[in-house]
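Hello,

Here is the structure I said I would pass on. Please open it first, then read the notes below with it on the screen.

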Amino acid sequence: MKRIERPTPVNEEIKLNPMRTIMSKTDAKGIIEYANDYFMEISGYKEWELMGQPHNVIRHPDMPKSIFKILWDRINQGMPTYALVKNLAKDGRYYWVIAYFIPVSKEGKIINHYAKRKAIPDEIKDEITSLYNMLLELEKTGGMEAAEAYFLSYLEEQKMSYDEFIFDTMRLSEKELKKYMDAQITDESLGLDMSAEEAIKNSVKKKRRFFW
Amino acid sequence: MFEIEKIIEPDITLVCKLNNDGSIGFINKAYTDITGFSEKDLTGESHEIIQHPKMPKTILEQVWKNIHTNEKSYIIGKNITKNGEYFWTVADITNRLGQSKNPGIFIRKKYLPSNIKDEIAKLYEILYGIENSGGMEIAEKYLKGWLEERNSKSFEEYIFNQFGGEKNLKKYLTTEVNDKELFSTDPSSMNIDEIMEFVKKKKRRRFW
Ligand SMILES: Cc1cc2nc3c(=O)[nH]c(=O)nc-3n(C[C@H](O)[C@H](O)[C@H](O)COP(=O)(O)O)c2cc1C
């Protein structure tokens, strides 16, 4: 099978509809087996180009390796894991997501991973960009180990687990984040002009009951 | 070739009987009327002659597996006419190869509602594309993920869900041609009693 050529990044963001979910499924090693309509629409690839390819075809060079190392260490142990990810579309543009990776095992062996992704607020992109730039810098000078050690000691200092770091960055509780990740719409035009902040507020707020 | 869609009416039932080698044994009048093929064009030919060349193998292979293991199977198919149009159908396929009387594989096709058609047309195009770039195995995995996203374990289950359950689909498929008529469609195998009953029924219908 042909290897996909990596696009050259351009500094332009793709706006996501925060009410839609970008979904993909891989085998245990991260080879893409399925991706939904919205994945294809945003990434700009066709199914025949992406299926059977490793998931790093949409990897953005601005993403630190250490973040993916932490991700794989966790999902290889069967732990569902969130990550904030900058992705690379076919035309070189980028899009930020919060991704939730869910490993699935059969008879004690991981057979598949599923990933759901949603838009994140701009403010969080800026915050996470400074952290990732720092990690990238460390990776260049001291290698991935240095960057990973830095990140883990940062979490320790803040007395946060990795999960807490995600909830804290998203300014949401675990339950609230889950609600946002699960929020789905059927009408694809809805939510187009919505910001991620609004979409989060809408999906998280408790449903009021009206008695009239 | 095959760029123009032929619209068929939802109250028309196309019947096709296959021999055990997959060759066409019999087609009903509706079939020749719709497709423009004559009986002579089709009988004895492989059934692939009436199938759109871009039908994904992933779907066809699964259906043939089903046909050989189940008595009844279902398929959504893209068909072609003699002058190069295409039309979509939903069909049930009954395996009666083991029967002593009038053995064969009986296919009963009907118009596929357009809301289902759009999604399927897209799926088949994707599967065909993957089959030709990455191969069957990757296409099968894609289909599995696609079905999972639609809460279906098999493609048949997906078809049932689209029709609001297997019962509804059966009702739709058997509106004009019930099982008894279907399995005796091949007039070459009818005895005189069956032919009389058949004619009587057709007449009765007229007066309703
Ligand atoms: C289900 C699943 C989804 C993934 N989605 C992405 C993704 O959207 N973007 C990304 O850069 N990496 C994603 N990855 C991680 C990649 O497999 C890969 O580890 C990463 O792109 C880093 O590339 P590298 O391992 O070649 O350094 C995903 C992995 C899995 C298992």
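Notes on the two chains

In chain B, 56% of the contacts with a separation of 6 or more are between residues 24 or more positions apart. For chain A the corresponding share is 61%. Please keep in mind that this is a predicted model.

Chain A

Chain A contains 7 helices and 5 strands. In sequence order they run β-β-α-α-α-β-β-β-α-α-α-α.

Of the 212 residues in chain A, 48% count as buried. The accessible surface of chain A is about 11800 Å², and 52% of that belongs to carbon and sulfur atoms.

Chain B

Chain B has 9 helices and 6 strands. A compact globule of 208 residues would have a radius of gyration near 17 Å, and the value for chain B is 17 Å, which agrees. The box that holds its C-alpha atoms, taken along the principal axes, is roughly 55 × 35 × 35 Å.

Of the 208 residues in chain B, 50% count as buried. Chain B exposes about 11100 Å², with 51% of it supplied by carbon and sulfur atoms. There are 32 positive and 32 negative side chains in chain B, and the centres of the two sets lie 5 Å apart.

The nonpolar cores

In soluble globular proteins, nonpolar side chains tend to be buried together. Which residues have the most contacts inside the largest nonpolar core here? They are A:I98, A:I166, A:M170, A:L177 and B:F155, in a core of 113 residues. That list has residues from chain A and from chain B.

To see the chain B part, select B:F155. Leaving out residues up to four places away in sequence, B:F155 touches B:I59, B:I120, B:L123, B:Y124, B:L143, B:W146 and B:L147. There is also a second, separate core of 5 residues, which includes B:V15, B:F106, B:V177 and B:F183.

A:L84 is in strand 3 of chain A, residues 81-88. Is A:L84 buried or exposed? A:L84 has a relative accessible area of 1% and is therefore buried, the cut-off for buried being under 20%. Not counting residues up to four places away in sequence, A:L84 touches A:M63, A:W96, A:V97, A:I98, A:I120, A:I128, A:Y132, A:I166, A:T169 and A:M170. Among these are A:I98, A:I166 and A:M170, which were named above for their contacts inside the largest core. A:L84 and A:T129 are 45 residues apart in sequence, and their C-alpha atoms are 9.8 Å apart in space.

B:L173 is in helix 7 of chain B, residues 166-173. Its relative accessible area is 0%, so B:L173 is buried. Apart from neighbours within four places in sequence, B:L173 is in contact with B:Y74, B:V90, B:A91, B:D92, B:R108 and B:K110. B:L173 and B:T69 are 104 residues apart in sequence and 21 Å apart in space, C-alpha to C-alpha.

Two residues with positive phi

Where in chain A is A:E107 found? A:E107 is in the loop between strand 4 (94-106) and strand 5 (109-118). A:E107 is not a glycine, yet its phi is positive, at about 50°. With a relative accessible area of 79%, A:E107 is exposed.

In chain B, the residue to look at is B:N102, in the loop between strand 5 (85-96) and strand 6 (104-111). B:N102 also is not a glycine, and its phi is a positive value near 50°. At 9% relative accessibility, B:N102 counts as buried. To sum up this pair, A:E107 is exposed, whereas B:N102 is buried.

Regards

Note on methods. Residues are numbered from 1 along each chain as its sequence is written. Chains are lettered from A and ligands numbered from 1 in the order in which they are written. This is a predicted model: local features need pLDDT of at least 70, side-chain atom pairs count only at pLDDT 80 or more; totals for chains, interfaces and linings use all residues. Side-chain values use heavy atoms; hydrogens and water are left out. Helices (H or I, at least four residues) and strands (E, at least two) are DSSP runs, numbered from the N terminus. Buried means under 20% relative accessible area, exposed over 50%, partly exposed in between (1.4 Å probe, protein chains only). Contact means heavy atoms within 4.5 Å. Accessible areas come from the Shrake-Rupley method with a 1.4 Å probe; for residues, only the protein chains shown count as cover. A nonpolar core is a set of buried Ala, Val, Leu, Ile, Met, Phe, Trp, Tyr and Cys residues joined through side-chain atoms within 4.5 Å. The radius of gyration is taken over C-alpha atoms; the globule rule is 2.2 Å times the number of residues to the power 0.38. Lys and Arg count as positive and Asp and Glu as negative; His and the chain ends are not counted. The place of a charge is taken as NZ of Lys, CZ of Arg, CG of Asp or CD of Glu.
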